[in-house]
Amino acid sequence: MGATCVFSALSFYQGKENFYENVILPAVHTLSPEVSHNLAVAVNMYNLIPKAKYVDSPRLAINSWGVDFTNPVGMAAGFDKDGEAVLCLHKIGFGFVEVGSVTPQPQPGNEKPRVFRLKENKAIINRYGFNSDGHEAVYKRLRDLRESKFKGVIGVNLGKNKSSPMPIQDYVQGITMFAPVADYLVINISSPNTPGLRDWQRKEHLEKLLKELIATRDAQEVRVPLLIKLSPDLTDEQRKDVAAVLNKQQCRVDGLVIANTSTERNYNLEGPHVSENGGLSGQPLAEISTQMISQMYKLTNGKIPIIGVGGVFTGKDAYKKIKAGASLVQVYTAFVYHGPPRVTRIKAELDQLLE
Ligand SMILES: Cc1cc2nc3c(=O)[nH]c(=O)nc-3n(C[C@H](O)[C@H](O)[C@H](O)COP(=O)(O)O)c2cc1C
């Protein structure tokens with residue numbers, strides 16, 4: 001018994017992939033998805049995961065927007081919604097962490113249950129609805145981190161309060177609050193779980209929104225890169241409209257995050273949760289997201305850097321997104337199904353492919 005415990009602890013501390021796959025994750029996945037999410041954030045918050053042994057190959061390094069990334073594999077928005085786990089996620093090997101979505105005022109999000117695993121499909125459906133500690137609490141955590149001389153790359157993903165009467169103002173506040181502590185900001189106008197949010201992708205709305213937000217960003221002391229996150233459910237026509245807006249000088253953002261979760265269900269999904277409402281993430285999204293990256297890259301003449309996200313489980317998945325036009329990639333669902341060792345695997349495989 002004692003030997004088993006010692007072996008388990010050692011394996012955990014060595015970040016062994018098999019141990020995560022066969023012992024830790026099956027145990028964690030007996031809990032509800034939201035409880036295991038909270039547990040994972042807490043384990044990271046208390047810095048309980050050992051530093052990954054893998055040292056980033058120089059081939060993985062990239063500079064985008066004047067920011068140095070030691071590797072291009074980031075943690076996507078939605079895992080560390082309140083900026084509690086940034087330090088440990090960097091230690092695990094992520095090249096950057098996108099905190100959020102953060103809303104101006106704290107809000108509880110939708111009723112539980114609101115997260116569902118679709119194991120057979122390596123997918124998740126979530127309808128969290130922007131549960132957030134709010135700007136002030138998250139800002140203080142990030143400010144303290146910066147004051148501790150933490151050097152890792154942090155993005156902040158901005159949402160809006162559910163009942164906000166003036167959504168543009170929510171984003172304006174977010175830019176003003178987080179510009180001093182973030183390496184980049186993302187305007188999230190593609191979450192399917194906040195009524196009306198995705199309408200901001202429509203061309204008339206988008207143009208108005210971007211003009212105002214870019215002017216706000218330009219008025220800050222530091223010029224923080226401003227990105228927008230898009231939905232994979234936009235039709236070809238809508239993607240062209242978005243690109244036409246982005247190609248206007250006053251609406252030119254610094255980057256795109258492609259893509260958020262999908263409300264489509266035509267992906268041959270299996271299991272008891274397929275008809276839950278919410279946004280679908282994971283393996284089923286891989287191809288549609290890569291295809292959208294390629295399309296948006298062409299429509300914007302390769303001039304706007306792209307963070308590719310959706311179904312990245314392997315180095316090959318990351319490589320496909322980079323070949324389609326992404327400069328950086330992000331991971332969420334693969335982390336849920338495979339744990340921290342997957343970050344090393346994706347980076348090592350990507351390095352081989354880049355070679
Ligand atoms: C449980 C969960 C919560 C999420 N919350 C957010 C969020 O708050 N803001 C956001 O922009 N994206 C959010 N996302 C979307 C992810 O950032 C990502 O775009 C999507 O999951 C596709 O990547 P993946 O297939 O690697 O999971 C969330 C995803 C999941 C699974």
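Domain bounds here come from an automatic or database domain assignment. For this protein chain, that assignment gives domain 1 (1-30) and domain 2 (33-354). The model is predicted: local features need pLDDT of at least 70, side-chain atom pairs count only at pLDDT 80 or more, and totals for chains, interfaces and linings use all residues. Residues are numbered from 1 along each chain as its sequence is written, and side-chain values use heavy atoms, with hydrogens and water left out.

**Domains**
- The C-alpha centres of domain 1 and domain 2 are 29 Å apart.
- Domain 1 gives 11 residues to the contact and domain 2 gives 14, where contact means heavy atoms within 4.5 Å.

**The barrel**
- Helices (H or I, at least four residues) and strands (E, at least two) are DSSP runs, numbered from the N terminus.
- Two strands pair if DSSP finds at least two bridges between them.
- Eight strands form a closed barrel with parallel pairing, in the order β3-β4-β7-β8-β9-β10-β12-β13.
- On average, neighbouring strands of this sheet are turned by 25 degrees against each other, direction ignored; axes are lines fitted to C-alpha atoms, for helices over the stretch in contact, and angles run from 0 to 180 degrees between N-to-C directions.
- Strands β12 (residues 306-309) and β13 (residues 328-331) pair in the parallel sense over three bridges.
- V309 has Q330 of β13 as its bridge partner.

- β5 pairs with strand β6 (residues 123-126) in the antiparallel sense, over four bridges.
- R117 stands opposite I124 in β6.
- V115 and R117 point one way from β5, F116 and L118 point the other way, and all are buried; buried means under 20% relative accessible area, exposed over 50%, partly exposed in between (1.4 Å probe, protein chains only).
- Four residues lie between the two strands of the hairpin, and K122 takes a positive phi near 50 degrees.

**Helix α3**
- α3 (residues 33-45) has 13 residues and reaches 18 Å from its first C-alpha to its last, close to the 18 Å expected at 1.5 Å a residue; the expected span is 1.5 Å times one less than the number of residues.
- Its buried residues are E34, S36, H37, V41 and N44.
- They sit on the same side of α3, because they cover an arc of only 165 degrees around the axis; the arc is that of the directions from the helix axis to the C-beta atoms.
- The buried residues of α3 pack against α2 (17-28), α4 (86-92) and β5 (115-118).
- N47 follows α3 and has a positive phi, near 60 degrees.

**Helix α12**
- α12 (residues 341-354) has 14 residues and reaches 20 Å from first C-alpha to last, close to the 20 Å expected.
- Its buried residues include P341, V343, I346 and L350.
- Among the elements covering the buried residues of α12 are α2, β3 (73-75), α4 and β13.

**A buried arginine**
- R239 is found in helix α8 (residues 236-246).
- R239 counts as buried, because its relative accessibility is 3%.
- Beyond residues up to four places away in sequence, R239 touches P232, L234, I288, Q291, M292, Q295, M296 and L299.

**Backbone details**
- A cis peptide bond joins K112 and P113, with omega about -5 degrees.
- The peptide bond from I258 to A259 is also cis, with omega near 15 degrees.
- W65 has a positive phi near 55 degrees and is partly exposed, with a relative accessible area of 22%.
- K149 has a positive phi near 75 degrees and is exposed, at 62%.
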